[in-house]
Amino acid sequence: MHITFYNNLPKLSLLDEGGRLQEVRRQMAGKLSLLKLLVPFLLFQLSLSEIFFEERFEDGWQSRWVKSDWKRSEGKAGSFKHTAGKWPGDADDKGIQTSNDASHFAISAQIPEFSNKNRTLVLQYSIRFEQDIECGGGYIKLLSGFVNQKKFGGDTPYSLMFGPDICGTQTKKLHVILSYQGQNYPIKKEVECQTDKMTHFYTFILRPDATYSILIDNRERDSGSMYTDWDILPPRKIKAVNAKKPADWDDREYIEDPNDIKPEGYDSIPKEISAPNAKEPDDWDEDKDGVWKPPKIPNPAYKGPWKRKKIKNPNYKGKWKIPYIDNPEFEDDPDLYVLKPIKYVGIEVWQVKAGSLFDNILICDDPEYAKQVAEEVFAHKEAEKEAFEEAEKVRKAQEEEEAQRAREEGERRRRERGYDRHNRGRERYKDIYRRHRRDYMDDYHDEL
């Protein structure tokens, strides 16, 4: 939030007329009075906004985060590296990146405990999948209660899990899983995540009226209510399964016009008529062929069986639907949106191929501030795009160079195999020649 001070008031000359001078003074006094009224309001607004946790992974980040030993004894624990990535928009903007293929990654940070009761909760972070991700997650978690951070892993209870999960070409979903009374509830909607290799911001906003919004790159992708989009509570309304359509319910949108009258002689119009231009063939023989009759053709005047025209039904009530009634099993919980007090934020994912860069983690109660953070990072979006395109050129050139070396190596091996086969053929021929010559000489000596 910004406060604008009025420092561009007109400069006054000693030659200004007295009336104009007094008018300007009145304007200045009015603006200063307005400013005095606005400043306390703006400061009050600022005091209402609170940032619970913000991590840009600058110097000293390691003192705030604890790497878990989960899966380490099995040799499946991956590690994070502090880097700006392969194609950063800003080389000084670093995050933490998964760095081992086919591994589990777990790291967490403790934050001052807070509750989202009677306040908006905003969870936001950025991620860039630099790898060709085959199967793996890119989500983060908010945790409550005591957590042994050195043992933080996939089985550690959490209050909120949010972020992308990708596996093959079929799974590209955005998880939003909320914990309620010790049980996890995934969102029922299918929200797709981004799968390209650029930086994307994911934002989840949960309000005290239990409504929510999901944003990707500052654009709302979905919204709704916890009452309808999670199976946490029974629905407020259910269908009245025993209801029946009233006998007088008219669901015909159009009816026949009772005032429409069939034209006189309509039924006497034949379906076919004789072809008017037909002529009896010159070689027609009535004795042999019978009496010639012109062929029949469709009658253009024939309109088919007469029907009254349709008009709007003045008694139309719409398509009847089974009505909804209050669900006797529904019991409201005004604190449905309230999570257990949040004390930790963590990243816990499994990936076939590593290379996901996490950054700009934010937990606050002000959606506008979250928007500003994303806009600040996206100021370098074009630079990131250019860096990515350049990295792609280098990668493709390296792949072509490696492919060329492989082709040359294959050709060299084929030539060697051909030379060996040729030499082996010559040696075999010589061996056969020697053997036959020896047999011939033996016979010769026997004859002697």
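A: Let's start with a term: on a 1 Å grid laid over the protein atoms alone, a cavity is a set of points where a 1.4 Å probe fits but cannot get out, while a pocket is an open set with protein on both sides within 12 Å along at least five of seven lines, and a lining residue has an atom within 4 Å of a point. Before going on, note that this is a predicted model, where local features need pLDDT of at least 70 and side-chain atom pairs count only at pLDDT 80 or more, though totals for chains, interfaces and linings use all residues. Numbering runs from 1 along each chain as its sequence is written, and side-chain values use heavy atoms, with hydrogens and water left out.

Searching the whole structure turns up one cavity of 30 Å³ or more. Around the largest cavity you'll find S68, W70, R72, A77, G78, H104, F105 and A106. Its volume is about 30 Å³, a volume being the space filled by probe spheres set on grid points that are joined across faces, edges and corners. That lining has four nonpolar, three polar and one charged residues; here Ala, Val, Leu, Ile, Met, Phe, Trp, Tyr, Cys and Pro count as nonpolar, Asp, Glu, Lys and Arg as charged, and the others, Gly among them, as polar.

Now for the open spaces. The largest pocket holds about 370 Å³. It has 24 lining residues, with D90, D93, D359, N360 and V377 lying nearest the centre. By class, the lining of the largest pocket splits into seven nonpolar, six polar and 11 charged. β6, β22, α4 and α5 each give it at least two residues; helices (H or I, at least four residues) and strands (E, at least two) are DSSP runs, numbered from the N terminus.

The second largest pocket comes to about 290 Å³. Of its 17 lining residues, K86, E130, Q131, D132 and A354 sit nearest the centre. Two or more residues come from each of β4 (95-98) and α5, and α5 has the largest share, three residues. Charged residues number nine in this lining, beside five polar and three nonpolar.

On to the charged pairs. A salt bridge is a side-chain nitrogen of Lys or Arg within 4 Å of a carboxyl oxygen of Asp or Glu, and the model has 33 of them. In one of them, R119 and D365 bring N and O to 3.4 Å. That bridge links distant parts of the chain, 246 residues apart, with R119 in the loop between β5 (103-114) and β6 (121-129) and D365 in the loop between β22 (356-364) and α4 (367-378). R119 is partly exposed at 23% relative accessible area, whereas D365 is buried at 12%; buried means under 20%, exposed over 50%, and partly exposed in between, using a 1.4 Å probe and protein chains only.

K353 and E134 make another bridge, 3.6 Å from N to O. K353 is in the loop between β21 (342-351) and β22, and E134 in the loop between β6 and β7 (135-137), so the pair ties together parts 219 residues apart in sequence.

Elsewhere, salt bridges with shared partners join E409, R412, R413 and E416 into one network.
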